[in-house]
Amino acid sequence: MASSKEYLNYILEQLSGLDEITYRAMMGEYIIYYRGKIVGGIYDDRFLVKPVQAAITLMPNTSYELPYEGAKEMLLVDAVDNRVFLHELLTAMYDELPAPKKRKR
């Protein structure tokens, strides 16, 4: 099941106070970037983030879910209605996220 553009727009609105939030559509889903680094994505109308220590610490009771068959588990963000929490979450995660890979031409 693909994610809806409406859910994407809702998450982008919730993250709108952060600088440099971008996204890329990929096979009916959306990859979310913060300041050039992948933080997670929207899969089946769920906001999932990479399981870095900062995210685990801020969401100790959340569930690990598969974004799609064969992928690595990610953390489900339940508090998508809490804009302040989302900003805190992405800001805390940033330093632990891997740098973007250089694209080969």
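Predicted model: local features only at pLDDT ≥ 70, side-chain atom pairs only at ≥ 80, totals over all residues.
Helix H1 spans residues 5-14, and its buried residues are Tyr7, Leu8, Ile11, Leu12 and Gln14. Viewed down the axis of H1, these buried residues fall within an arc of 160°, so they line one face of the helix.

Glu13 pairs with Arg83, with 3.4 Å between the closest N and O atoms. Because Glu13 belongs to helix H1 and Arg83 to helix H3, the pair ties together parts that are 70 residues apart in sequence. Glu13 is partly exposed, at 45% relative accessibility, and Arg83 is likewise partly exposed, at 31%.

Attention now turns to Arg46. This residue counts as buried, at 18% relative accessibility, since the limit for buried is under 20%. Arg46 forms a salt bridge with Asp44, whose closest N and O atoms are 3.8 Å apart; Asp44 is partly exposed, at 27%. Arg46 also forms a salt bridge with Glu65, and here the closest N and O atoms lie 2.5 Å apart. Glu65 is in strand S5 (residues 64-65) and Arg46 in strand S4, so this pair ties together parts that are 19 residues apart in sequence. Through shared partners, the salt bridges join Asp44, Arg46 and Glu65 into one network.

Technical notes
Residues numbered from 1 in each chain as written. Heavy atoms only, no water. Buried < 20%, exposed > 50% of the residue type's maximum accessible area, 1.4 Å probe, protein only. Helix = DSSP H or I, 4+ residues; strand = E, 2+ residues; numbered from the N terminus. Arc of directions from axis to C-beta. Salt bridge = Lys/Arg side-chain N within 4 Å of Asp/Glu carboxyl O.
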